[in-house]
2 protein chains.
Amino acid sequence: MGRRSDHSRDELLALVLDTAEKIVEQEGIAALTARRVSKEIGYSVGTIYNLFDNLDDLSLHVKARTLDALYAHIRAVPMGQDVEQDFLALNAAYFDFLSGNPNTWGSILERVGADGRPLPDWYLAKVALPFSVVAETMLPLFGPDGRDRADYAAHTLWCGVHGIAVMAMEDSLEVVGNHSAREMADFLILNFLRGLRAAKA
Amino acid sequence: MGRRSDHSRDELLALVLDTAEKIVEQEGIAALTARRVSKEIGYSVGTIYNLFDNLDDLSLHVKARTLDALYAHIRAVPMGQDVEQDFLALNAAYFDFLSGNPNTWGSILERVGADGRPLPDWYLAKVALPFSVVAETMLPLFGPDGRDRADYAAHTLWCGVHGIAVMAMEDSLEVVGNHSAREMADFLILNFLRGLRAAKA
DNA sequence: TTTTTATATTGAACAATGTTCATTTCCGCA
DNA sequence: TGCGGAAATGAACATTGTTCAATATAAAAA
């Protein structure tokens, strides 16, 4: 078969991404293969490679969608309470998103693929966005001239929450045990912030 | 070729594990293939499968060795100062180990392989050991009747440190930026502990 | 010492993967 | 109507994990 007009290039791109996302969400990133996607959309393997450089590229675009969704999700959280309340709300939204998208989000937390090649800038920018929300939330604790220190504290804290999330996903490790990861993250947040406040006083 | 007497079964096991560990440390977990190991030790592929169930099983045993080494490393840290000092010492030892074994340790932090099959108990036990040291260190802050709460705090904190370590390993994400991950973890530890102390007072 | 038994070792074989690219087919345009 | 360029194909190649019948040899028996 040769050239078709079933879908425009953009439609095809969306079709592939939708399908890939569905596969990852339902069966995990390991189930994402070029042949599988091509079969599901009714095109041949080669078509996937007309649209993406390689499988890593495709999975990176799937991850990018998930990052977009996460950003939208935490952007929708009402803010403006005191710092503690804001962070707890952020955390709730984060774990809410995580439990709703365990496989797609899990594929991001894994540091896999890319064979050591650096991640492209457009992707790094998407990773940075959710962090920026956290940094914003931290700002009141340091005042407008404390941007750098607020940034640092925000990064530290959110890497910490991230660590709990990772552990929770590999429930097999039983590190989190029967505790709720969400509560654990709350506990980390509250004590970290209290520590920061105590340091100022 | 048939039966040989070059190595006993145990010698062969050690030979395979040594070789596999070397490969993972030098080139990362992705470079660990059955054929590669068999070639390096001068046996055929089949021999690997005489010794291990499959590749996952082999890599699990390599990871187990790394966990043993980490446990020994942090066990050697002198303890008994105040809680803050002890934790900072633990943290220093942890990041020291991490920077000395980035690939082997990184392969543990990744949650990969095992296709969703649960990890075997003997492996989970090895994962729990380093955590137990952390829990021990936390105990003085809660007193002898506060074991459970100390455990919980220790798990929370160390998952947090773990998150920073993961982020630091994927330096490509630039989340940690030019900050030292070690310092970041120190910062998290100190403020978390200060928060705990402030909550008691 | 010779024969037999048991088993450690082999490597060909199979299925599945990512990736390439010459070939084919068809859309759009003159 | 015919033509040029591009989209779509799928066979082909290299590599992977994994299996298992065949085989060579050490150990035991005769």
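Colleague: At what relative accessibility does His7(A) count as partly exposed?

Modeller: His7(A) sits in the segment that comes before helix H1 (9-27) of chain A; helices here are DSSP runs of H or I with at least four residues, strands are runs of E with at least two, and both are numbered from the N terminus. A residue is called buried under 20% relative accessible area, exposed over 50%, and partly exposed in between, with a 1.4 Å probe and protein chains only. His7(A) counts as partly exposed because its relative accessibility is 32%.

Colleague: What must local features have in this predicted model?

Modeller: Residues are numbered from 1 along each chain as its sequence is written, while chains are lettered from A and ligands numbered from 1 in the order in which they are written. Side-chain values use heavy atoms, with hydrogens and water left out, and, since this is a predicted model, totals for chains, interfaces and linings use all residues, side-chain atom pairs count only at pLDDT 80 or more, and local features need pLDDT of at least 70.

Colleague: With the side chain of which residue does the side chain of His7(A) make a polar contact?

Modeller: Setting aside residues up to four places away in sequence, His7(A) touches Leu12(A), Leu15(A) and Tyr43(A), a contact being heavy atoms within 4.5 Å. A polar contact is a pair of N or O atoms within 3.5 Å, where, within protein, one must be able to donate a hydrogen and the other to accept it, and where residues adjacent in sequence count only if both atoms are side-chain atoms. The side chain of His7(A) makes such a polar contact, at 3.0 Å, with the side chain of Tyr43(A).

Colleague: At what relative accessibility does Ser38(A) count as buried?

Modeller: Ser38(A) is found in helix H2 (residues 34-41) of chain A. Leaving aside neighbours within four places in sequence, its contacts are Tyr43(A), Ser44(A), Val45(A) and Ile48(A). Ser38(A) counts as buried because its relative accessibility is 4%.

Colleague: What relative accessible area does Thr66(A) have?

Modeller: Thr66(A) has its place in helix H4 (residues 55-75) of chain A. Not counting residues up to four places away in sequence, Thr66(A) touches Phe97(A), Thr104(A), Trp105(A) and Ile108(A). Thr66(A) is buried, with a relative accessible area of 3%.

Colleague: How many helices does the secondary structure of chain A come to?

Modeller: From the N terminus on, the elements of chain A run α-α-α-α-α-α-α-α-α. The secondary structure of chain A has 0 strands, and its helices come to 9.

Colleague: Which residue caps the N-terminal end of H4(B)?

Modeller: Helix H4 (residues 55-75) of chain B has 21 residues and reaches 30 Å from its first C-alpha to its last, close to the 30 Å expected. Its buried residues, among them Leu58(B), Val62(B) and Leu70(B), pack against helices of chain B including helix H1 (9-27) and helix H5 (83-100). At the N-terminal end of H4(B), a side-chain oxygen lies 3.2 Å from the backbone nitrogen of Asp56(B), and the capping residue is Asn54(B).

Colleague: What separates the centres of domain 1 and domain 2 of chain A?

Modeller: Chain A is divided into domain 1 (1-52) and domain 2 (63-200), with bounds from an automatic or database domain assignment. The contact takes 10 residues from domain 1 of chain A and 8 residues from domain 2 of chain A. Taken over C-alpha atoms, the separation of the two centres is 31 Å.

How values were computed:
Expected span 1.5 Å × (residues − 1).
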